[in-house]
Amino acid sequence: MRPISGAVLRPYVCPTCRHGISAGRRRFGSKSDSPDLYDVVCVGGGPAGLGLLAALRASPITSKLKVALIESQDLRKAKAWDLEPNQFSNRVSSLTPSTVSFLRSIGAYDYLDANRVQDYQDMQVWDGQTGSRISFDWSMETSPFEDMRTVATMTENANLVRALLRRIADSGDENLSLFSNATVASIENGSDLKPEGPDLSAWPVLTVKPTGPAAETETPKRIAARLLVGADGINSPVRSFADIPTQGWDYGRHGVVATLALAEPATPPFPASKRTAYQRFLPALGGPIALLPLPDNHATLVWSTTPENAAYLKSLPTPAFLAMVNAAFRLDMTDLTYMMGMQSSSSDSTSHQAELTWRAQHTPLPSQIPPPATAVQTGTVASFPLRFRHAAQYISPRIALVGDAAHVIHPLAGQGLNLGLADVASLSKTIQYAVSHGMDVGDLLTLERYSSERYLPNAKIGGACDLLHKMYNVPGEGPVAWARSLGLGFVDRLPFVKSFLMKNAEGY
Amino acid sequence: MASLRPRTLPLSVRTLRSTLRSTRPSANHFFSTPASTPSTQTPQIRAHSTSSVSADELSHFSALASSWWDPMGHSRILHLMNPLRHEFIASCLAEGTSSPNQSPSSTSTPSTATLNYLDVGCGGGIFAESLARTIPLDPTAPAPTPTLAASMTAIDPSTDLIQMAREHARMDPTVHEHLRTGRFKYLNTTLEDVLAGNVDTPTSAAASTQNPSSPSTQPAPQYDVVTLFEVLEHIDPKTSTPLSFLTNCLRALKPGGWLIGSTISRTLPSFILNQVIAEAPWPIGVVPRGTHEWSKFVNPDEVKGWLQEGLMRAADTGVSRGGSAIAEGMRWKCVGAIYIPGIGWKMVPGSEDWGNYFWAVRKEI
């Protein structure tokens, strides 16, 4: 934890700004300047940061708090985001029902473009090595006459960010400052403004610097935070300032994403609105491949695999890429490993498809597989490294970490964004409680409610995803594969265990 | 919480009472003889002149003072109980207040903050500061919380504690602003001086300009809510009477106002909880050894009895009605509170006899 003392300043200065600020501080930041005071300052304008702001603005108890948000991207652009109806961004998340109900409770869900979100009610998960399978659907919980229960709701992150920004905009601009196109040049402890002013020596004071052309004309602003929230991602500057260590490792895997168009299913779903998500573990290739439904027979691909395989997949021409995706849901490990090494060239882009067609004839196909992918949306194939991180603590005096700043987990269960928004739901409730009971929202006694509510669930789900990743990275037949199939088969046959697992996966 | 109150509190209460003795010829007449205290006497002098405080206790207290605001320190359980105080006050005010423009039924229109609070024995200011934080910066704005505070006067006879409380309050700009404007005051003084009008109170500034030459007239009661958290169980029944103490608290109240406090009952479960378990060696115990003396704890019916008597005395002559009528019509609230490790404080109606409880009484309109 950072020392709170006027004498010991341990400022965080972002490396790229260090040069500018050392010259700039003398000009702008004389110690006697009193900074603008805010109740909550949130660094980072992703779904977690914006979600917190929207939640605070939505509650009558906290709507009068003076809040600020600092984001380096252009929030006006994010608010005006638009795509053709049949185009989908490749940054897609699955929202669990509890996340959806949180978004509804803060009045943000209705701002989502409903034509761009897709519920799914069934999830088929199986092991590519052993074939053992577990199907997550709610049919055993509900009668056929009821509405099907949703396992999760797919939405583009951009759609969610836009919805949250519009929700915040509709709450008015009183007591609200959005620093868009701005970075945090430095964070340091404030000073004691004796004798007239308050003692801010335990308050974080941020220097906010505009980026882009405005950087030349606008002077940096100094703002002090009663509570500074780090929603600023895996390399959180707020966490560095608070001196909170973080533990974790890189998985040595990349997630390959793409937006795909699928063929019409061979047998129409019953009931007609039922949609299914598919995930197949591929122990020989380093991780699972998942196909999650988007509207209008589109789907988003997340394929966790080694960096070499990811680079190979990204280098393939479109027909070969599609053949690899379809093969990954159909062929056995030996075939896939072979195809992953095939030479490809743009002149001979059909060789992968030919290989798949030939090999599929000799492979018994599983009963539940996704319809073949027929097209890749241009420019959507991308990859990102997979990591595990967990901050040693989420809070420090006048500091709270949420979302990726606090924890980064393996995406195989699609829980990352949900954990971040669950943090936000908990922190906003904690702030409401504090305000209505005369507590200081930045005080440790306030924040420990948040931390004790979120630390263990996040560690549990992050750990479960890590365990799954490791179990499904043991290739070949053997005790681990045997235990895996026993495990999945066991879970699939015991309704109450499965129902417990599903409830855990969907949140609380 | 009383189970966790550090030894500093008994000190401050004892200081208060010894201060009383040292500055008043007769404890029974302190209210009616305010002129006997020279107005030049400063609170610091008074506090330092209290000879009944042993050097031992002073040093013990000084050591605890630095950890008063430490969320993991000796006062942690006290901090954890603080939100419950707000909830209990809100539940009292929901039944009515002394302010004519506050009606409990007017839930449709948000109330403005109009109530003046007096916190007796504020110590390091855990409750006083938290209530001051709810005072709106704009007095005409709707009250942010159901406690409806417009001002807070917090008194404690200990110079060190008041000094520490003021220092801590400066770390919150909102509270600092209230201190600057006078809506929030920390006074190193006694309840008796407040009653005598020797200190600035919400309305005494205006009163004294009108009639500066007659300091001996009894000022009108100033406060809508008087709070007395974790004070009663530290009064030594051999040398002082809770009755006179409570009577004075009632005298500071406007008609219709609330006197609200919390303390610990003197029963077998409370003995086991507070003396055997809470003061056990680490890791079981949570309070320093010797914090409480079980024999000083007071039961709800004792508090109720003192308050009935106190209400009659506070009504003084009983011009309009008999004292017994006041006692019978007394609005009395009492609810137990239990600390569950790992969960926190919970109000549990009916658990008054187990240990900690909140109590409140409303002064007749």
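# Close-up views of a predicted two-chain model

**Figure 1. Confidence along chain B of the predicted model.** The mean pLDDT of chain B is 75, and 68% of the residues score at least 70. The structure shown is a predicted model, with an ipTM of 0.84 and a pTM of 0.85. Within chain B, the lowest confidence falls in helix α2 (residues 43–48) of chain B, with a mean of 35, while the highest falls in α5(B), at 97. For residues 1–58 of chain B the pLDDT is below 50, and this stretch has 125 contacts in the model beyond near neighbours in sequence. The pLDDT is also below 50 over residues 204–216 of chain B, a stretch with nine contacts beyond near neighbours in sequence.

**Figure 2. Overall make-up of the two chains.** Chain A contains 15 helices and 21 strands, and chain B contains 13 helices and eight strands. Of the 508 residues in chain A, 47% are buried; of the 365 residues in chain B, 48% are buried. In chain A, 78% of the contacts with a separation of 6 or more are between residues 24 or more positions apart. For chain B, 75% of the contacts between residues at least 6 apart in sequence join residues at least 24 apart.

**Figure 3. The contact between chain A and chain B.** Chain B brings 15 residues to this contact, and chain A brings 13 residues. Three helices of chain B, namely α4 (76–93), α5 (126–132) and α7 (173–181), each supply at least two residues of the side of chain B that touches chain A. The most is given by α4(B), with three residues. Sorted by class, this side of chain B has six nonpolar, six polar and three charged residues.

Figure 4. Which residues of α7(B) are buried? They are Thr174(B), Val175(B), His176(B), His178(B) and Leu179(B). The elements covering these buried residues include α5, α6 (159–169) and β3 (184–187) of chain B. Just after α7(B) comes Gly182(B), which takes a positive phi of about 90°. The helix also takes part in the contact between the chains: α7 (173–181) of chain B supplies at least two residues of the side that touches chain A.

**Figure 5. Packing of helices α2 and α5 in chain A.** Helix α2 (residues 47–58) of chain A packs against helix α5 (residues 157–169) of chain A at an angle of about 30°, and their axes are 9 Å apart. Because angles under 35 degrees count as roughly parallel, α2(A) is roughly parallel to α5(A). The crossing of these two helices, α2(A) and α5(A), is left-handed. From α2(A), the contact is made by Pro47(A), Leu50(A), Gly51(A), Leu53(A), Ala54(A) and Arg57(A). From α5(A), the residues of the contact are Asn157(A), Leu160(A), Val161(A), Leu164(A), Leu165(A), Arg167(A) and Ile168(A). By class, the contact of α2(A) with α5(A) has nine nonpolar, two polar and two charged residues.

**Figure 6. Packing of helices α2 and α12 in chain A.** What is the angle at which α2(A) and helix α12 (residues 416–436) of chain A pack? The angle is about 30°, and the axes of α2(A) and α12(A) are 9 Å apart. The helices α2(A) and α12(A) are therefore roughly parallel to each other. Here α2(A) passes α12(A) in a right-handed crossing. On the α2(A) side, the residues that meet α12(A) are Pro47(A), Ala48(A), Gly51(A), Leu52(A), Ala55(A) and Leu56(A). Among the residues they meet in α12(A) are Leu417(A), Gly420(A), Leu421(A), Asp423(A) and Val424(A). The contact of α2(A) with α12(A) divides by class into 11 nonpolar, three polar and one charged.

**Figure 7. The surroundings of Arg275 in chain A.** Arg275(A) lies in the loop between β13 (246–262) and β14 (276–282) of chain A. Is Arg275(A) buried or exposed? Arg275(A) counts as buried because it has 21 C-beta neighbours inside 10 Å. Apart from its neighbours within four places in sequence, Arg275(A) is in contact with Gln118(A), Asp119(A), Tyr120(A), Gln121(A) and Pro293(A). Glu196(A) is 79 residues from Arg275(A) along the chain, and the C-alpha atoms of Glu196(A) and Arg275(A) are separated by 64 Å.

Note on methods: Residues are numbered from 1 along each chain as its sequence is written. Chains are lettered from A and ligands numbered from 1 in the order in which they are written. This is a predicted model: local features need pLDDT of at least 70, side-chain atom pairs count only at pLDDT 80 or more; totals for chains, interfaces and linings use all residues. Two residues are in contact if their C-beta atoms, placed from the backbone, lie within 7 Å. Helices (H or I, at least four residues) and strands (E, at least two) are DSSP runs, numbered from the N terminus. Ala, Val, Leu, Ile, Met, Phe, Trp, Tyr, Cys and Pro count as nonpolar, Asp, Glu, Lys and Arg as charged, and the others, Gly among them, as polar. A residue is buried if 20 or more other C-beta atoms lie within 10 Å of its own, exposed if 12 or fewer, and partly exposed in between; C-beta atoms are placed from the backbone. pLDDT is the predictor's confidence in each residue, from 0 to 100. Axes are lines fitted to C-alpha atoms, for helices over the stretch in contact, and angles run from 0 to 180 degrees between N-to-C directions. Angles under 35 degrees count as roughly parallel, over 145 as roughly antiparallel, 65 to 115 as roughly perpendicular and the rest as oblique. A crossing is left-handed if the near helix is turned anticlockwise from the far one by less than a right angle, and right-handed if clockwise.
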